[in-house]
Amino acid sequence: MDLDVFVSAHRAEWDRLDALLRRQRRLTGPEVDELVALYQRTATHLSLIQSSAPDPQLTGRLSQLVARARSAVTGARRASWRDVTRFLTHAFPAAVYRSRHWWVPTALLSTALAVLLGWWIGTHPEVQATIATPSDLRELTRPGGEYETYYSSHPAAAFAAQVWTNNAQAAAMCLVLGVFLGLPVLWILFQNMLNLGIGFGLMSSAGRLDTFLGLVLPHGLLELTAVFVAAGTGLRLGWTVIDPGPRTRRTALAEEGRAAVGMAIGLALVLFVSGAIEGFVTPSGLPTWARITIGVTAELAFLAYVYVLGGRAARTGETGDVAAAERSATVPTAA
């Protein structure tokens, strides 16, 4: 495409669109129709230039023009409670459901790794010796030791807030860093499983595995599920870089990236619940069976939320991306 000829042929249309957008008075009916037509035409021109003869200066000018025109055509929009409801009942659970083929295997493999590390640490005293001195290990694992007092070492509300912040940051990092081919996600997952495996191994070697599970399971089921969902989604985003499928890589990353941002918000809410359980239920005086029952109930409720609400929404075409009206216009190109 000869860019100079193209610009000469369509400059008048762009200038006319710019003039209509600068009008201070209310546009007449015919002017509104003209504005819409020019907006659609200019969006097509921008798409053609980007794909055939990219010019940074011209692309920047037309991108600005198209954005202003789109705003004028669609009008300003404010978020409402309807958007929140749609997100919680459709977008977020559907996004988690669509990613299940990534996060479920991630959960199974990560749990297996944690158990394997725990077994290795628990059955090899020489490995334990590299973690801490014998006296420190006894202090960690004895009744009333650091593993038990950790959950009641701070006021419940402050502890819950701290746990929630840390876990939300870890989940967000998995989602954001997934774009780097998923490699940082694997490292974050390994660190989490290593910490879990160390606690599992040390407490089992001290004959106190039941106590350890009684402390971890109430909040850990939901907490780890959220981390696995974030990690699986991050890995999926990384794979999109390698294989975007029938979509262009740019379009695929935009769609999956927007869904991942939404999932970060949703998972923050899930981790808020697990943080509250860790802060108020885990260190409470409730019997072990009652604390574990609360944790299992929260986990089953989340899975039902994902597979029932999310599955239903996904089957209607919901992807977790923003609504179609909120996306950038995608115009097919033509020669």
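Is Ser-52 buried, partly exposed or exposed? At 43% relative accessibility, Ser-52 counts as partly exposed, where buried means under 20% relative accessible area, exposed means over 50%, and partly exposed lies in between (1.4 Å probe, protein chains only). Ser-52 belongs to helix H2, which covers residues 29-52; helices here are DSSP runs of H or I with at least four residues, strands are runs of E with at least two, and both are numbered from the N terminus. Although Ser-52 and Trp-120 are 68 residues apart in sequence, their C-alpha atoms are 58 Å apart in space.

This is a predicted model, in which local features need pLDDT of at least 70 and side-chain atom pairs count only at pLDDT 80 or more, while totals for chains, interfaces and linings use all residues. Residues are numbered from 1 along each chain as its sequence is written, and side-chain values use heavy atoms, with hydrogens and water left out.

The mean pLDDT of the chain is 85, and 91% of its residues reach 70 or more, pLDDT being the predictor's confidence in each residue on a scale from 0 to 100. Over residues 324-335 the pLDDT is below 50, and this stretch has 17 contacts in the model beyond near neighbours in sequence, a contact meaning heavy atoms within 4.5 Å.

**Annotated spans**

The unreviewed UniProt entry places the feature "transmembrane region" at several spans, among them residues 170-189 and 289-308; such annotations may be inferred rather than shown by experiment. In the model, residues 170-189 are 75% helix and 0% strand, with their end C-alpha atoms 9 Å apart, whereas residues 289-308 are 100% helix and 0% strand, with end C-alpha atoms 27 Å apart.

**Salt bridges**

The structure holds twelve salt bridges, each defined as a side-chain nitrogen of Lys or Arg within 4 Å of a carboxyl oxygen of Asp or Glu. Side chains of opposite charge can pair when their charged atoms come close. Three of these pairs are listed here.

| Pair | N to O distance |
|---|---|
| Glu-13 and Arg-41 | 2.7 Å |
| Arg-16 and Glu-34 | 2.9 Å |
| Arg-236 and Glu-256 | 3.8 Å |

In the pair of Glu-13 and Arg-41, Glu-13 lies in helix H1 (residues 3-22) and Arg-41 in helix H2, 28 residues apart. Glu-13 counts as buried at 18% relative accessibility, while Arg-41 counts as partly exposed at 38%. Arg-16 forms a salt bridge with Glu-34; Arg-16 lies in helix H1 and Glu-34 in helix H2, so this pair ties together parts that are 18 residues apart in sequence.

The salt bridge between Arg-236 and Glu-256 links helix H11, which holds Arg-236, to helix H12 (residues 249-281), which holds Glu-256, across 20 residues. Arg-236 is buried at 15% relative accessibility, and Glu-256 is buried at 10%. Salt bridges that share partners join Arg-98, Arg-236, Arg-247, Glu-255 and Glu-256 into one network.

**A nonpolar patch**

Leu-181, Leu-183, Leu-186, Trp-239 and Ile-242 make a nonpolar surface patch of about 510 Å². Patches are made of residues with over 30% relative accessible area and no salt bridge, with like charges joined within 9 Å and nonpolar side chains (Val, Leu, Ile, Met, Phe, Trp, Tyr) within 5 Å; accessible areas come from the Shrake-Rupley method with a 1.4 Å probe, and for residues only the protein chains shown count as cover. Helix H10 (183-205) and helix H11 (209-242) each supply at least two residues of this patch. Leu-183, found in helix H10, is exposed, with a relative accessible area of 56%.
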